[in-house]
Amino acid sequence: MSKPKLALYWASSCGGCEIAVLGLHEKILDVAEAFDIVFWPCVMDFKYEDVEAMEDGEIDVCLFNGAIRNDENAHLAHLLRRKSKVMVAFGSCAFGGSMPGLANFNDREQMFNYIYHDSPSTDNPDGIVPQQRTDMPEGELVLPNFWNTVKTLAQVVPVDYYLPGCPPEASSIETAVTAIVSGELPPPGSVIGPDITVCDECPREKHEKKISRFYRPQEIIPDPDTCLLEQGLFCAGIATRSGCGARCPQVGVGCRGCYGPNEGVYDHGAKIMTGIASVLDADTPEEVEAILDTLPDPAGYFYRFHMPDSLLRRTARTNGKKLLASEQVAASEL
Amino acid sequence: MSENEKRVGVYVCHCGHNIAGTVDVEHVAEWAYNLPNVIISRDNKFMCASTGQEQIEEDVKEFNLTHVVVASCSPHMHEKTFRNAVERSGLNPYLFEMANIREHASWVHPDDQDGATSKAKALVSAAVHRVLHHEELTPMQVEIRPEVLIVGGGVAGIQAALEVAEAGHHVYLVEREPSIGGHMAQLDKTFPTLDCSACILTPKMFDAGSHPNITLLTYAEVEQVDGYVGNFTVRVRKKAKMVHEDLCTGCGTCWEKCPKKVIDTVFESGLGYRKAIYRPFPQAVPKYPVIDVETCIYYDTGKCRACEKFCPTDAIDFEMQDEIVNLEVGNIIVATGYDLFDPRRIPQYGYGRHENVFTSMEFERLVNAAGPSDGRVVLRDGETTPQSVAIIHCVGSRDKNYNGHCSAICCMYSLKFAHLVKERTEAEVYNFYIDMRTIAKGYEEFYDRVLEEGAHFIRGKVSEITDATHASEEEGKLVVVAEDTLIGKQRRVPVDMVILAVAMEPRADAEEVAHRFGIGCGDTGFFTERHPKLDPVATVTEGVYIAGACQGPKDIPDAVAQGSAAAARVLSVISQREVALEPVRATIDEEHCSGCRICNTMCPYHAIDFIEADSVSRVNPALCKGCGTCVAACPSQVISGAHFTFDQLIAEIDGIMVDVNIDEPLVAAEMV
């Protein structure tokens, strides 16, 4: 009997998920032993045509990482979905949009303006901006259309399983791979991971909380035994699914929330926000403002990993104005 | 029950013309058949009438309904009515949802019939979508302790205490001052009958002090309240009186011998003196004195001890400490009364600057036969009888700068003052009023009487009280400057004495007290009743009632009536022996609780405990009021609020988002 076929793909991502798979170390040999790897552009030389040539459903499992932010990402998502029996949203970007998803606080035009014109490190005296189509002597060059809104994999194609983490821990990958190999899979649509929070696994001592200001990590040396949040260090462990073994808080770094919301939570950022808002030591709106002023970029903190699949998904207006007609085409991708 | 076994009945109420005048109720009822699982949909003139309720009962049986939606008024009004009807029909009462298409649709959009109708449809849709996710809930029964705590020993609190005690239940009556009696004990006469205030109050005070079922805790304050209806634990601090009440006979030797005279700012409103060891007034209950350690010479210099030396029963104890008493009670009546407006906040009225500007309470003490001037109406020099007196109404009341509310009693006590001045002096009396409000029994007749006695009434708000004179007849007088709006002229009225009819205000610490007892304060700062018309002495916290002026300005008969009413409510609860608690409350899935303790400080009812051993938080179901604060706060969503579950709320939102202009069957929105 032939080995089950495995595909791995990266859409809009940093590549960390690929490294995480390699981070299995010698266990990667077990993966190679168990599966016939048919597509893994980061590591092996496959072409898109190779996938297109396959039968529908020929791939047994596709581990898809990265968010969907352009036509190429979407094309591969659709293609691999069609060719795969089991589609796994691998890592936080495919699951919740993650860092690329923070682009949803802006729109394409704002981003391009910053990246190609306004950023302090940009040197672009001729104001050159990438065009989707460019005529060259050799012929027309086409770049994938860059979307106004970043989406999660599940917002583009049906997804069978979610494997959270930025990147997923080796142990999480192992759990998932083992489950797939053994066929002992949870019900479709499940997140593969425990349904407890990082807080639950964190050995730090918790007390009744009252936060009177936040500290950046470089500003204080936290007490090694007390809850970081109580000490004013932002920690999303209260609202974040475990699976990592509470690694970050154990070494004095607040949880960033990469494993995403706990089971049953619909909006990760909202849950972090209400949790934190509940323990601010403030009686007046002014005091609340003063405390939040010590937390730079709260939206970025709260929605770092799950902006595109939050209730709001993105900002609808820019600078308080309604979208211009020219922008509404892009908005239609919402 | 699977989705398609659910059978919903929808009832759209006309509320006479209230809803049907704006909302096309027939159309809403007809359209509701498009909503998922709706088996029967009707409109009805008055759903709250017995015919409406019986319709629900009949339909549940005939159509095997499993869930019921009534679109009518606010749930505050009739949720209980319809829950009862649903329960009578054999269903769990919580398998019911109410859509408020009166306050939320017809009343707020009277000029937009189409819009109001569309909104009503959306609200009905929301209710139907939501009710499909409702679960059966059962109230929890708890036993009720018969003991009652009454906070505040004014006339409302005394009345309540006597009612409860007479019914055979034990009362703890806590009073901040050394004696019960409250403001009423300071008054001379009461309007409109001119009864002597002390003569009618002191028998009640005596009864309260001697009743076997009443424990008086004077010079004491409630510090903490825990628990819930039927089972409150209350911590009371009894301030050290420095006098052993079991030894003291109230003979009075101590305050006669005490060398330290102190201006009495409380009972005598600053017009008279008391000693450092004192009882506030002769009829005080209890009759025992207290030592005011702030002014006592011994506590300042370590010397004196005159009272101790002369006390025939050795009742004085300078080392006495505050005592903490923990009480177990089933119900609480808060009757903490009011404060008087400080007229120094209106500098142009000159109180504190012009010596012959008095507050109403100062004047009460002046005319009181037991007061500092033995009842003579005199100026602040204690000798001169005024030839002319101005009484200024609405000082700090009905004035956006201070209090918007009407203080309810000032018109009447101003009339009483006018009468008393007329009775005891030859003085001319000028009442400066905005409107005369003499609304209760015998009040208008009293107004007529004072008019006939020759008091002058000038309709206009006083702009200034000044000693800057414009004419010789103003020399040495206080000039009251006001526009007489009835003749359209500016008036300057020179008088010898001015009485400011100051407003009734919430106690300075009302908000703190409200928080302690789990009740609310309205915009004006007075305690909020559960319903302004139909539940005036209950509060949002079961087992905590309010009575008297802490709820809003009121006169003595109203305060007494509320004291009785609160007592009646408490007695009714006690006689039920046990009480059913709303099952709408939060529960924590302890298996998944991370013990992060975010929720611990959130609960306004102190219902969440942290269980150290298991490192989880737990909700005390009897304390939880189902407010949902912790449900929202829980960052890992392991706290669920019964009857306000995530599924129910999202379904409700899905329901309200349907396109109400589409007239075809809607599929139940897919759960997110």
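A disulfide is a pair of cysteine sulfur atoms within 2.5 Å. By this rule, the count over all chains comes to one. Cys196(B) and Cys199(B) form the disulfide, with their sulfur atoms 2.4 Å apart. The link of Cys196(B) and Cys199(B) is right-handed, with 80 degrees about the S-S bond. In general, a disulfide is a covalent bond between the sulfur atoms of two cysteines.

This is a predicted model: local features need pLDDT of at least 70, side-chain atom pairs count only at pLDDT 80 or more, and totals for chains, interfaces and linings use all residues. Residues are numbered from 1 along each chain as its sequence is written, chains are lettered from A and ligands numbered from 1 in the order in which they are written, and side-chain values use heavy atoms, leaving out hydrogens and water.

Next, the domains. Their bounds come from an automatic or database domain assignment. Chain A is assigned domain 1 (5–100 + 149–182), domain 2 (107–147) and domain 3 (198–302). Chain B is divided into domain 1 (3–137), domain 2 (148–238 + 327–335 + 508–578), domain 3 (253–321), domain 4 (339–505) and domain 5 (582–642). In chain B, the C-alpha centres of domain 3 and domain 5 lie 50 Å apart.

Back to chain A. The centres of domain 1 and domain 2 of chain A, taken over C-alpha atoms, are separated by 29 Å. Their contact (heavy atoms within 4.5 Å) takes eight residues from domain 1 of chain A and five residues from domain 2 of chain A. The two domains bury about 650 Å² between them, with 62% from carbon and sulfur atoms. Buried area here is the accessible area (1.4 Å probe) that two parts lose on being put together, summed over both.

What holds polar atoms across this boundary? Three residue pairs are in polar contact between domain 1 and domain 2 of chain A, both residues at pLDDT 80 or more. A polar contact is a pair of N or O atoms within 3.5 Å; within protein, one must be able to donate a hydrogen and the other to accept it, and residues adjacent in sequence count only if both atoms are side-chain atoms. Salt bridges between these two domains number zero; the rule asks for a side-chain nitrogen of Lys or Arg within 4 Å of a carboxyl oxygen of Asp or Glu.

Now the interface of the two chains. The contact takes 22 residues from chain A and 20 residues from chain B. About 1800 Å² is buried between chain A and chain B, 55% of it on carbon and sulfur atoms. Glu208(A), Tyr266(A) and Lys271(A) supply 28% of the area that chain A buries against chain B, more than any other three residues. Ten residue pairs are in polar contact between chain A and chain B, both at pLDDT 80 or more. On the side of chain A that touches chain B, helix 9 (198–201) and helix 11 (268–278) of chain A each give two or more residues. Helix 11 of chain A gives the most, with four residues. Helices (H or I, at least four residues) and strands (E, at least two) are DSSP runs, numbered from the N terminus.

Last, the backbone. Most residues other than glycine have a negative phi, and most peptide bonds are trans. Cys166(A) and Pro167(A) are joined by a cis peptide bond, with omega about -5 degrees. Pro167(A) lies in the loop between strand 9 (161–163) and helix 8 (170–182) of chain A. Ser269(B) is not a glycine, yet has a positive phi of about 55 degrees.
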